[in-house]
Amino acid sequence: MSADQFVQYLISGLTQGSIYALVGLGFTIIYAVTRIINFAQGEFVMLGGMLSFTLAISAGLHLVPALLLSVLIATAMGAIMYLLAIRTAKRASAVSLIILTIGAAIFIRGIAGELWGVDFVRPPFFTGRESISFLGAYIHPQALWIIGTTIVVTILLHLFLSYTMVGKALKACAISPRAAGLVGIDAKAMALIAFAIAAALGAIGGVVMAPLTLTAYNVGVMLGLKGFVAASIGGFKNPLATVAGGIVLGIVESLAVGVDWGPFTSSYKDAIALVVLLLILILRSGRLAAEERES
Amino acid sequence: MQNHLKWVVAIALITALVAVGGMSCTSEEEEMETYKVGAVFSLTGPASHLGVPEGQTVKMIVDQINANGGINGHPLEVIIYDTETSAEKCATMVTRLIEQDNVLAIIGPTTSGNSLAIIDMVTAAEIPNISCAASTLIVQPVEERYWVFKTPQTDKQAVTEIYIYLEAQGITEIAIITDTSGFGAAGRDILIADAADYGITILDDQNFTSGDTSMQSQLTHIRGTNPEAIVCWATDKESAIVAVDMQTLQMDTPLFCSHGIANMGFITGAGDAANGVIFPAGKLLIVGNVPASDPQKEVLTQYKADFEALYGEGTVNTFGGHAWDALNFVIIALEEMEEGLDTAEARAFIRDEIEQIEGFVGISGVFTMSPADHLGMMPGSLAMIEIVDGEWTWLQ
């Protein structure tokens with residue numbers, strides 16, 4: 001592995017990792033507030049990308065309103081999904097609710113397949129497509145948008161959770177739902193807000209990555225899986241840890257391709273990522289169980 | 001007494017049925033008996049973009065035949081069922097075609113998985129099946145595929161076409177990047193197995209998973225080995241990402257792709273990164289470029305004109321062509337068939353006739369069948385196509 005290659009692996013890994021981080025953030029927000037793992041998270045990434053294509057290319061809207069509208073529609077759909085699928089289930093256990101989200105994911109994917117067809121599409125690049133040279137490696141302008149968006153979103157989310165009333169209430173629910181209820185925080189309203197924020201985060205990821213990664217009705221499955229891994233590495237509690245988890249996953253995957261030690265070739269790329277996940281889950285399992293007992 | 005009554009009722013019913021059956025026979029003899037052929041296509045499900053044009057093509061041919069007085073005076077009916085791209089559903093529909101509809105032959109299905117799932121059924125029922133799916137395994141080993149034929153080119157033919165081109169260009173060192181799913185993995189096996197026959201060395205063998213969103217790392221690795229060309233074997237979406245990522249990494253190594261990218265979606269998806277990509281595909285895509293001396297020129301031009309007159313400008317594609325070839329195999333056999341054969345005899349006759357097809361000019365290529373070859377596509381059926389300024393251009 002030459003130095004140029006190493007830098008390229010890092011840059012590509014950072015780009016992918018930022019995507020995983022954006023998807024993972026949605027998992028974390030919902031899990032922290034409601035203890036539900038929302039397996040429909042990837043579908044909101046798909047919705048963001050597909051909507052931005054429809055609005056910007058098919059409907060011919062200007063790029064900026066098209067992107068904003070895509071995120072807004074997906075956010076509304078996240079809220080609707082919570083109201084229709086999750087809240088109506090009333091006293092169902094967390095496991096049942098998780099299974100409901102899988103059903104919702106299949107539903108959204110099916111509708112998208114019918115609406116948009118099975119072909120993949122590419123929304124327009126935000127700013128050009130001439131890649132930029134950097135320390136002997138190359139980076140696509142859209143990749144800079146992806147990385148930049150992840151940084152801005154992470155900072156805004158952190159500020160929101162730390163300095164606004166709603167954000168603090170969400171955090172309170174995450175720390176102890178029972179205590180939050182005792183001081184008058186409406187857990188149902190908080191859950192609704194968490195689903196809406198998660199859908200917005202997914203859709204932001206979707207619109208910013210789709211020009212580079214292409215999108216289709218079924219991209220949510222794979223991206224959801226990667227986001228889930230990122231959130232697992234981050235422990236499902238802390239947004240900053242989730243972002244770190246996503247970036248670690250992206251860089252490990254990318255560097256694993258460059259590995260050429262004896263029998264370990266790039267074919268083991270996915271295996272290496274899974275081994276990292278397994279190790280982290282094993283290390284965490286004790287702590288998660290302890291937290292479960294506390295709450 | 002009760003028992004006797006049952007028998008009387010049963011016998012009465014049977015007599016009635018026989019009488020009705022006899023009546024329908026006599027009424028059909030006045031006209032000509034309709035030739036019934038079955039078809040199973042992926043009209044919905046993941047492969048619907050392949051199955052829909054196949055169904056459209058079959059309907060178009062049936063209307064043309066019947067408007068011209070049928071086959072030797074017999075009207076043609078094709079019963080089309082949707083497999084939903086599911087092997088189970090496909091098997092159910094094939095059973096219905098064989099047992100209820102009593103068809104003479106079955107064309108389709110659309111995908112290799114569905115096609116492999118019905119081989120034992122059609123073999124046991126002794127009914128000819130002309131598949132529209134890609135896998136070589138559909139017609140091999142040929143001893144176990146007595147009743148099965150197919151019309152699309154195989155992966156191996158596509159690889160051979162690329163390797164012949166590379167050899168002619170004097171390119172000997174390549175890297176391959178393939179999808180780990182069925183299509184990519186099958187292509188990878190053939191690319192590796194056949195390389196030495198064309199004096200080609202594979203310097204780097206990278207892969208990715210369907211649904212991956214970036215292949216930059218694999219391409220960075222490939223760049224380190226400095227190949228003269230890169231061959232990518234994947235469906236259109238992943239191939240488009242490879243093309244875009246190569247542009248991002250400013251790699252100017254020539255990129256060769258599989259016939260899986262033979263649709264406009266690849267060009268719109270990859271944008272100007274698609275320019276310069278070379279791939280093998282049926283000549284239908286570039287029919288305007290095919291010289292008049294080519295044996296397929298007339299058939300291709302006619303099919304494109306007929307299809308687009310019915311379904312709109314720019315709608316023709318190679319997948320409908322696979323169904324065109326399959327149904328025409330059956331029609332050729334039916335034209336030779338004499339009157340008065342029962343269903344089993346007619347099915348056997350059609351099978352034997354298809355196996356003797358020689359020099360048939362179809363959409364996917366020119367076919368000469370034999371007991372040892374149930375695809376029978378002659379070399380030169382595939383064209384090497386380069387994307388230039390977003391258009392398909394034939395590389396002679």
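Student: In what order do the elements of chain A run from the N terminus on?
Tutor: This is a predicted model. The order in chain A is α-α-α-α-β-β-α-α-α-α-α-α-α. That comes to 11 helices and 2 strands.

Student: What is the radius of gyration of chain A?
Tutor: It is 19 Å, close to the 19 Å that the globule rule gives for 295 residues, so chain A is as compact as a globular protein of that length. The C-alpha trace of chain A spans about 60 × 50 × 35 Å along its principal axes.

Student: How much of chain A is buried?
Tutor: Buried residues make up 48% of its 295 residues.

Student: On to the core. Which members of the largest nonpolar core touch the most others?
Tutor: A:Ala194 and B:Ile107, out of 193 residues. Helix 8 of chain A, residues 187–213, gives the most to this core, with 18 residues.

Student: What does B:Ile107 contact, leaving aside neighbours within four places in sequence?
Tutor: Its contacts include B:Val37, B:Ala39, B:Ile130 and B:Cys132. B:Ala323, B:Ala326, B:Leu327 and B:Val330 are also among them.

Student: New topic. Where does B:Phe41 lie?
Tutor: In strand 1 of chain B, residues 35–41.

Student: And why does B:Phe41 count as buried?
Tutor: Because 32 other C-beta atoms lie within 10 Å, and the cut-off for buried is 20 or more.

Student: Which residues does B:Phe41 touch, beyond four places in sequence?
Tutor: Among them are B:Gly51, B:Glu54, B:Ile80, B:Asp82 and B:Pro109.

Note on methods:
Residues are numbered from 1 along each chain as its sequence is written. Chains are lettered from A and ligands numbered from 1 in the order in which they are written. This is a predicted model: local features need pLDDT of at least 70, side-chain atom pairs count only at pLDDT 80 or more; totals for chains, interfaces and linings use all residues. A nonpolar core is a set of buried Ala, Val, Leu, Ile, Met, Phe, Trp, Tyr and Cys residues joined through C-beta atoms within 7 Å. A residue is buried if 20 or more other C-beta atoms lie within 10 Å of its own, exposed if 12 or fewer, and partly exposed in between; C-beta atoms are placed from the backbone. Helices (H or I, at least four residues) and strands (E, at least two) are DSSP runs, numbered from the N terminus. Two residues are in contact if their C-beta atoms, placed from the backbone, lie within 7 Å. The radius of gyration is taken over C-alpha atoms; the globule rule is 2.2 Å times the number of residues to the power 0.38.
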